[in-house]
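Let's take a walk through this protein together.

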Amino acid sequence: TETFAGRLLPGFAQSLDDRGAWEGINPTGVRVIGAYRYSDVTEWFIAVGIERSALEVPLLRSLQVTGFVSLVLLAFASAASLLIARRLLSSQNALAEVARRLGEGKPVADTLDTPLLEVNRVGRVLAEASARLAAQAGALERINKDLEERVEERTQELADKSTILRATLDTMDQGLIVVDRDRRLPLVSRRAIELLSLDPDL
């Protein structure tokens with residue numbers, strides 16, 4: 001240290017502040033990074049320095065390790081994102097298929113087996129709705145069929161009664177004419193046409 005005492009470091013003359021940092025080459029030609037301070041007691045600048053390579057090598061190693069760890073984490077995050085995206089997409093497609101079948105009135109499976117519990121729950125609710133709709137559709141179809149059978153039976157009953165009434169009217173000895181509120185003749189027996197000499201197409 002006595003060798004350098006009192007000697008001005010190269011480039012140090014540009015440092016005019018009482019304290020600060022300095023980077024340059026020391027008298028032995030080694031690149032250093034240092035800190036300095038002016039002492040009011042000695043009226044000297046006191047400087048401490050360290051070889052730049054001693055700082056750069058660990059820093060470079062730290063940067064390399066940090067970069068490698070960052071790349072590993074990025075790869076892991078990308079793989080995890082891809083896996084999650086596939087799970088979401090498969091769950092979404094399964095749920096869309098259930099909704100499509102429900103919209104078409106087709107039966108829906110009781111369970112939906114996807115990686116997402118929430119989607120499975122929604123699938124179960126849609127399956128229950130599908131079962132209720134199918135039961136209601138079946139009940140409606142039975143009611144409709146029953147109604148059609150009743151209408152058919154009633155129509156046949158009315159046709160039979162109309163046939164009996166027409167046969168009865170046509171075989172009566174008395175004439176019978178029915179006049180409605182509008183003074184139309186909805187019913188005229190054959191004997192009434194003969195007795196009154198009415199037009200048969202009446």
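How many positive and negative side chains does the protein chain have, and how far apart do the centres of the two sets lie? This is a predicted model, and in it the protein chain carries 25 positive and 29 negative side chains. The centres of these two sets lie 2 Å apart.

Now follow the chain from its start. The secondary structure amounts to 3 helices and 5 strands, arranged along the sequence as β-β-β-α-α-β-β-α. With a radius of gyration of 53 Å, well over the 17 Å that the globule rule gives for 202 residues, the protein chain is more spread out than a compact globule. You can see this in the box that the C-alpha atoms fill, roughly 160 × 40 × 30 Å along the principal axes.

Next, consider contacts and surface. Among contacts between residues at least 6 apart in sequence, 16% join residues at least 24 apart. Of the 202 residues, 13% count as buried. The protein chain exposes about 16200 Å², and carbon and sulfur atoms supply 59% of that area.

Finally, let's look inside. In soluble globular proteins, nonpolar side chains tend to be buried together. Here, the largest nonpolar core has 5 residues: V98, V108, L112, V119 and A127. Leaving aside residues up to four places away in sequence, A127 touches V108, A109 and D110.

Notes: Residues are numbered from 1 along each chain as its sequence is written. This is a predicted model: local features need pLDDT of at least 70, side-chain atom pairs count only at pLDDT 80 or more; totals for chains, interfaces and linings use all residues. Side-chain values use heavy atoms; hydrogens and water are left out. Helices (H or I, at least four residues) and strands (E, at least two) are DSSP runs, numbered from the N terminus. The radius of gyration is taken over C-alpha atoms; the globule rule is 2.2 Å times the number of residues to the power 0.38. Buried means under 20% relative accessible area, exposed over 50%, partly exposed in between (1.4 Å probe, protein chains only). Contact means heavy atoms within 4.5 Å. Accessible areas come from the Shrake-Rupley method with a 1.4 Å probe; for residues, only the protein chains shown count as cover. Lys and Arg count as positive and Asp and Glu as negative; His and the chain ends are not counted. The place of a charge is taken as NZ of Lys, CZ of Arg, CG of Asp or CD of Glu. A nonpolar core is a set of buried Ala, Val, Leu, Ile, Met, Phe, Trp, Tyr and Cys residues joined through side-chain atoms within 4.5 Å.
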